[in-house]
Amino acid sequence: MGRHVSSGRRRALRGRFLLALLAIAALVCLAAFAGYRIWDETRGRPLSRHGRPSPSPTPVTLTLALTVTGPKCEVFVRVPGGDILVNRSLVRGQSLRFDEQRLSVVLSDAGAARVYVNGRLRPPGKAGQRVAFNALKG
């Protein structure tokens with residue numbers, strides 16, 4: 001009662017199905033490769049405030065780089081008169097890097113963060129001390 005499909009037609013359908021599966025697998029592999037290349041190119045490069053890698057492949061001295069060394073530290077970073085770049089609590093081992101002309105920085109615990117301004121280590125503050133400073137590129 002059902003429709004009969006000839007063996008030749010069945011082979012043709014099976015071939016088209018396998019070809020479609022092969023094409024899908026190739027597209028998935030291509031997308032994975034492209035994603036890996038993008039990730040590999042951006043890994044280790046300083047990011048601009050918009051999250052894109054800086055255009056120069058040469059080493060760049062960042063305006064601000066900080067790493068939390070204590071249990072936690074509230075960090076507030078903004079472009080004066082402009083965007084707030086970070087306003088959150090960071091825990092031990094987390095770090096931030098910025099390459100802007102001028103930044104306003106506030107740390108809730110100056111003793112809980114290692115801060116570099118223009119590649120130079122900023123003297124650590126006392127544990128629990130709130131500190132605010134400006135970082136100028138150059």
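This is a predicted model: local features need pLDDT of at least 70, side-chain atom pairs count only at pLDDT 80 or more; totals for chains, interfaces and linings use all residues.

Colleague: Which strands form the open sheet, and in what order?

Modeller: The open sheet is built from four strands in the order β4-β1-β6-β7, with antiparallel pairing. Its edge strands are β4 (95-98) and β7 (120-121), each of which pairs on one side only.

Colleague: How many bridges join β1 to β6?

Modeller: Strand β1 (residues 64-68) and strand β6 (residues 113-117) run antiparallel and are joined by five bridges, and V68 stands opposite A113 of β6.

Colleague: And what about β5, how many bridges does β5 share with β8?

Modeller: There are six bridges between β5 and strand β8 (residues 131-136), again in the antiparallel sense, with V105 having F133 in β8 as its bridge partner. Strand β5 (residues 102-107) also runs antiparallel to strand β2 (residues 72-78), to which four bridges join it, and there F76 stands opposite V106.

Colleague: Back to F133, which residue lies over its face?

Modeller: That is R122, at 3.8 Å from the ring centre of F133. As for aromatic pairs, a search of the whole structure finds zero.

Colleague: Changing topic, which residues form the nonpolar patch on the surface?

Modeller: The patch consists of F17, L18 and L21, which together have about 310 Å² of accessible area. Of these, L21 lies in helix α1 (residues 7-42).

Colleague: Why does L21 count as partly exposed?

Modeller: Because its relative accessibility is 43%, and partly exposed covers the range between the buried limit, under 20%, and the exposed limit, over 50%.

Key
Residues are numbered from 1 along each chain as its sequence is written. Side-chain values use heavy atoms; hydrogens and water are left out. Patches are made of residues with over 30% relative accessible area and no salt bridge: like charges are joined within 9 Å, nonpolar side chains (Val, Leu, Ile, Met, Phe, Trp, Tyr) within 5 Å. Accessible areas come from the Shrake-Rupley method with a 1.4 Å probe; for residues, only the protein chains shown count as cover. A salt bridge is a side-chain nitrogen of Lys or Arg within 4 Å of a carboxyl oxygen of Asp or Glu. Helices (H or I, at least four residues) and strands (E, at least two) are DSSP runs, numbered from the N terminus. Buried means under 20% relative accessible area, exposed over 50%, partly exposed in between (1.4 Å probe, protein chains only). Two strands pair if DSSP finds at least two bridges between them. Rings of Phe, Tyr and Trp (its six-membered ring) pair if their centres lie within 6.5 Å; planes under 30 degrees apart count as stacked, over 60 as edge-to-face and the rest as tilted. A charge sits over a ring if NZ of Lys or CZ of Arg is within 6 Å of the ring centre and within 35 degrees of the ring normal.
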